Amino acid sequence: MRNLIVTCATCLLLLPTMATAKPSLRDVKEIEDPLFAVALAKEVSDHCDSISARYLKGLTELRRLRARANGLGYTDTEIRAYIGSDKEKTRMRAKGERFLAQNGVSYEKTETFCTFGRAEIKKNSAIGVLLRAK
């Protein structure tokens, strides 16, 4: 009986800690989705000469995301660890390549980046607002 009481007391003490554990930033949709849009806009501007990134707008978005993550309880150290993680960079790259391929973009045909970018600009999508046609 005493073991049961100790086990229950331990669980009750750990419960608040377990309940407040933060998910990985990759699982926080309001951070992950806009960050993904910034990454895709950069990729489009890197591969299409007739489209440029709106760097100030992108920088403003990244600062907004950092502030939002801070507001959700993430420290700047946690945010930097997430952004700088090789594992997360590899995951984001694979996610981006899948997304681009699903939208008809091919790394062998750079004009497909331009077609995709112009369509995103026209739609005024999260990606499109970060791009400018030259």
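# Chat about a predicted model

Reply: A place to start in this predicted model is I127, which lies in the loop between helix 6 and strand 2 (131-133).

Me: Is I127 buried or exposed?

Reply: I127 is buried, since its relative accessible area is 7%, and buried means under 20%.

Me: What is I127 in contact with, leaving aside its neighbours within four places in sequence?

Reply: With those set aside, I127 has contacts to A37, L40, A41, F99, F116 and E120.

Me: And where is G117 relative to I127?

Reply: G117 is ten residues from I127 along the chain, and 8.0 Å separates their C-alpha atoms.

Me: F99 and F116 are both on that contact list. Which cluster do ring pairs make?

Reply: Ring pairs join F36, F99 and F116 into a cluster.

Me: How many aromatic pairs are there in the whole structure?

Reply: A search of the whole structure gives three aromatic pairs. One of them is F36 with F99, an edge-to-face pair with 5.7 Å centre to centre and 85 degrees between the planes.

Me: Which parts of the chain does that pair link?

Reply: Distant parts: F36 belongs to helix 2 (residues 29-47) and F99 to helix 5 (residues 86-102), and the two are 63 residues apart.

Me: Are F36 and F99 buried or partly exposed?

Reply: One of each. F36 counts as buried because its relative accessibility is 10%, while F99, at 26%, counts as partly exposed.

Me: What about Y107 and F113?

Reply: Y107 and F113 also form an edge-to-face pair, with 5.1 Å centre to centre and 75 degrees between the planes. Y107 is partly exposed with a relative accessible area of 34%, and F113 is buried with 0%.

Me: Which charged end sits over the ring of F36?

Reply: That of K95, and the distance to the ring centre is 4.5 Å. Elsewhere, the charged end of K22 sits over the ring of Y74, 5.1 Å from the ring centre.

Me: Change of topic. How many residues does helix 3 have, and how far does it reach?

Reply: Helix 3 (residues 55-71) has 17 residues and reaches 24 Å from its first C-alpha to its last, close to the 24 Å expected at 1.5 Å a residue.

Me: Which residues of helix 3 are buried?

Reply: G58, E61, L65 and A69 are buried in helix 3. They lie on the same side of helix 3, because they cover an arc of only 75 degrees around the axis.

Me: Why do residues three or four places apart point the same way?

Reply: An α-helix has 3.6 residues a turn, so residues at that spacing point the same way.

Me: What is exposed on the other side of helix 3?

Reply: L56, R63 and G71 are exposed there.

Me: And what covers the buried residues of helix 3?

Reply: The cover includes helix 2 and helix 4 (76-84).

Me: Last topic. Where is confidence lowest, and where highest?

Reply: Within the chain, confidence is lowest in helix 1 (residues 2-19), with a mean of 43, and highest in helix 6 (residues 111-123), at 98.

Me: How many contacts does the stretch of residues 1-19 have beyond near neighbours in sequence?

Reply: Zero in the model, and the pLDDT over residues 1-19 is below 50.

Me: What does the chain average?

Reply: The chain has an average pLDDT of 89, and 85% of the residues score at least 70.

Terms used. Residues numbered from 1 in each chain as written. Predicted model: local features only at pLDDT ≥ 70, side-chain atom pairs only at ≥ 80, totals over all residues. Heavy atoms only, no water. Phe/Tyr/Trp six-rings, centres within 6.5 Å; stacked < 30°, edge-to-face > 60°. Helix = DSSP H or I, 4+ residues; strand = E, 2+ residues; numbered from the N terminus. Buried < 20%, exposed > 50% of the residue type's maximum accessible area, 1.4 Å probe, protein only. Lys NZ or Arg CZ within 6 Å of the ring centre and 35° of its normal. Expected span 1.5 Å × (residues − 1). Arc of directions from axis to C-beta. Contact = heavy atoms within 4.5 Å. pLDDT = per-residue confidence, 0-100.
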